[in-house]
Amino acid sequence: MLETAKTSRVEFDYSGGERLMMNMGPQHPSAHGVFRAILTLEGETIAGVDAVIGYLHRCHEKLSETLTYAQYPSIASKTDYVAAMTSEFAYVLAAEQIGKIEVPKRAQYLRVIMAELQRVASHLLWLGTWCMDMGGALGGGATVFLYCIREREMILDLFEMLVGARLLYGFYQVGGTRYDIPEGWERKCRETIDFIDQRIGEYDALLEDNPFFFARAKGVGVISRELAEDVGIAGPLLRGSGIAFDLRRAAPYSSYEDFTFNVPVETAGDCFARYRVRMVEFRESIKIVRQVLDRLPPGPISSRPGLKSVAQIRIPKGEAYARVEGPRGEVGCYLVADGSAKPYRMKWRGASFSNLSVLPHIIPGHKVADVVAIMGSVDPVFGEVDR
Amino acid sequence: MTREQARTLIGERYSGAQVEGDTPLVVTLPVDQWLSFAQFAKTTLGCRFFSFSSAVDWKEQGLEVVARIDNLNDGVSVTMKTRLGPGVSTCPSLVPVYRGADWMERECYDMFGIHFEGHPDLRRILLGDDWEGHPLLKSYAVDTPHPPYR
């Protein structure tokens, strides 16, 4: 008992002058995971930060060398568990690129629907938790959070109808998808996105009618255009810093070129800009889902026959880097195949990993309370940072 | 900048480099040109976006370091590769050119034990400081015991 009390004590370390070292985390609620920031403070202002990650490391890359191409996609969901569809997507795309495996049109469209629904679900969780982090300023912290979670649940219900699981799916398979949409799913999906579409407008109004929200988000955590590219941040962060780059537009995969949507860009580079980008993305994703549902072609959902054993998929010698636009940006899978049923080497480019690595560059100079707002606006998922 | 122009420019400047593919351009370089090529790609080819860097362990043929950079405006992507040679585990760091290489190279050091020369803060990032060995090397068995846990 005494031991525990001793080790859990916060350590203060004055290193001359007026500087103070403070641990923020590893169990700080604003991290939405396990993240430790060692802050060097001068009064309330941050002079330096050392980010400590790795608490959630599960050796995904080593593990993938021991699992076959049929087994790993369902494990891939566990890298980014808030947007599980995305990482499965990147992995199967990489394998298909090397093996030159065709994917039927219907499967491609189904993949797009799920990826976009996942983006909406992920952004909902981000909006809710971010607003809760900035709690007091928004007049009773958990309000927006509870609204958002309610809507996210509706999307998880859709996924549950589809695959039977709510968080980790195993929906994508090399050559297609594992399941087709069941009876009545399309109608329920349309109802859900109509409802969410209307709700998003209400959250917009709720937040942007609040001067405290502006005070916490505007001009805070500015990422310059130059820094954004240099560090390799992606997704809403990159677009919030004035770079109109979206993989769905720049390098379309899985028939994204068939659909029309806008790529929102903001130039300020602050927390508010990132917020605006994501708020528009909600609507653009919903727009894409509607288009796909309208044009969903009939046909097979996989170009491969049913599997009789897990080692049945063999990918020829070669390598590929497949990337998809996840809710947090470029999720990439660098795959080296050696002709067997398992990858020789697989590397995850986690969007959260690159996005989080910008923190040491932007946090110094801000107040401690701003760290919470900045971290929330980066939207890291630690499963993907640590993999 | 089109892919063809990029290919020509690389061919003129780096005759020792081997260029394959189209999207991305896969450029295989000698180790001593690693850093200078990155500088060239950033300034001349406009590849300012740092995507990722990592390594592949080719067993007795040694380690291969891989980095991917993009020109977001023109859609030119470059995958840089270099073979360190059997038994060699030092490579020039890309941090002076790309700040994004900082965490990526720390991860690479953590997992492969590659010493990036010129990296300002090369220490483990995902594993604990007291971890023994570098897990993504092929010589590191999946079931390597780790007392007191197993």
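This is a predicted model: local features need pLDDT of at least 70, side-chain atom pairs count only at pLDDT 80 or more; totals for chains, interfaces and linings use all residues.
Two strands are taken to pair if DSSP finds at least two bridges between them.

Zooming out, chain B has an open sheet of five strands, and reading across it gives β1-β2-β5-β4-β3, with mixed pairing. The edges are taken by β1 (18-20) and β3 of chain B, each of which pairs on one side only. From one strand to the next, the twist averages 20°.

Then there are the helices. Helix α1 (residues 3-13) of chain B packs on the sheet and touches β1, β2 (25-29) and β5 (76-85) of chain B; the direction of α1 makes about 10° with that of β2(B). Helix α2 (residues 34-43) of chain B, for its part, lies across β2, β4 and β5 of chain B and runs at about 175° to β5(B).

What about the contact between the chains? It draws 28 residues from chain A and 22 residues from chain B. On the chain B side, β3 (49-57) and α3 (101-112) each supply at least two of the residues that touch chain A. By residue class, the side of chain B that touches chain A splits into 13 nonpolar, five polar and four charged residues.

How values were computed. Residues are numbered from 1 along each chain as its sequence is written. Chains are lettered from A and ligands numbered from 1 in the order in which they are written. Two residues are in contact if their C-beta atoms, placed from the backbone, lie within 7 Å. Helices (H or I, at least four residues) and strands (E, at least two) are DSSP runs, numbered from the N terminus. Ala, Val, Leu, Ile, Met, Phe, Trp, Tyr, Cys and Pro count as nonpolar, Asp, Glu, Lys and Arg as charged, and the others, Gly among them, as polar. Axes are lines fitted to C-alpha atoms, for helices over the stretch in contact, and angles run from 0 to 180 degrees between N-to-C directions.
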